[in-house]
Amino acid sequence: TYTTRTAARGFEGSATARVGRVEDQAYASLWWATTLRRQIPSAGTSLEARLRIGISTEEAPFQSLFLLGGRHTLPGYAYRSFIGNRMAILRLEASRAVIAPWITARVFGASGVTGFGRNGLPDDGWLRRSTDGLRSSAGAGVSLGWDLLHFDVGRGLNDGGDWEFLFSVQRRFWEWL
């Protein structure tokens, strides 16, 4: 696995490539993620756009396929309910300090898609499927204590979408948890 990161003026990007072999079958996978953040200090507002794209070869093992749905991907859909060897997801978020730095209000939207190439999903009784087109979510939330704790409610906007309540910790602390 090879990972590289860049950071410049509110922009962060990473690319990860993986090449492997499982039971005499070679495969490759590429994952690209980028985040753009803009602060508007005079308004106490922050804007963020996060894009992730992934692709794996047709011969990739099941564990290298991409999963979307639920927490941190598409809120309002069953957790990891969508699968594919190709994936893209875009999340947009705007937040504003209510009582800085203790309480911040946030709104967000996410759209994602998964799919398969020529081979399609293996017919092994899988309960997951591709998104069959673009799936979207929207929601709102509140952050507490320097944006550390997040309480969100989101809704899947397409067929099969529902309401979902989420509790999470700020992404920058995930490596410590």
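**Exercise 1. Which residues form the largest nonpolar core, and which elements give two or more residues to this core?**

Solution. The largest nonpolar core in this predicted model has 8 residues: Phe 66, Leu 68, Leu 74, Tyr 77, Phe 82, Met 87, Ile 89 and Ala 110. Two or more residues of this core come from each of β5 (66–68) and β7 (86–99). As a general background, nonpolar side chains in soluble globular proteins tend to be buried together.

**Exercise 2. Describe the elements and the surface of the protein as a whole.**

Solution. Begin with the elements: the protein has 0 helices and 11 strands. From the N terminus on, the order is therefore written β-β-β-β-β-β-β-β-β-β-β. Next, burial: of the 177 residues, 36% are buried. The accessible surface is about 10,800 Å², and carbon and sulfur atoms account for 58% of this surface. Last, contacts: among those between residues at least 6 apart in sequence, 48% join residues at least 24 apart.

**Exercise 3. Which residues make the nonpolar surface patch of about 470 Å², and how is Val 98 classed by accessibility?**

Solution. The patch is made by Val 98, Ile 99, Trp 102 and Trp 146. Val 98 belongs to strand β7. With a relative accessible area of 54%, against a cut-off of over 50%, Val 98 is exposed.

**Exercise 4. Locate Glu 164 and relate this residue to Tyr 77 and Gly 76.**

Solution. Glu 164 lies in strand β11 (residues 163–169). Its relative accessible area is 21%, so Glu 164 is partly exposed. Glu 164 and Tyr 77 are 87 residues apart in sequence, while their C-alpha atoms are 7.9 Å apart. Tyr 77 is also a member of the core in Exercise 1. A polar atom of the Glu 164 side chain lies 2.7 Å from the backbone nitrogen of Gly 76. Leaving aside neighbours within four places in sequence, Glu 164 is in contact with Gly 70, Arg 71, Pro 75, Gly 76, Tyr 77, Asp 152, Val 153 and Gly 154.

Definitions and conventions: Residues numbered from 1 in each chain as written. Predicted model: local features only at pLDDT ≥ 70, side-chain atom pairs only at ≥ 80, totals over all residues. Heavy atoms only, no water. Core = buried A, V, L, I, M, F, W, Y, C linked by side-chain atoms within 4.5 Å. Buried < 20%, exposed > 50% of the residue type's maximum accessible area, 1.4 Å probe, protein only. Helix = DSSP H or I, 4+ residues; strand = E, 2+ residues; numbered from the N terminus. Patch = residues over 30% accessible without salt bridge, like charges linked within 9 Å, V, L, I, M, F, W, Y side chains within 5 Å. Areas by Shrake-Rupley, 256 points an atom, 1.4 Å probe, with all protein chains shown as cover. Salt bridge = Lys/Arg side-chain N within 4 Å of Asp/Glu carboxyl O. Contact = heavy atoms within 4.5 Å. Polar contact = N/O pair within 3.5 Å; in protein donor to acceptor, adjacent residues only side chain to side chain.
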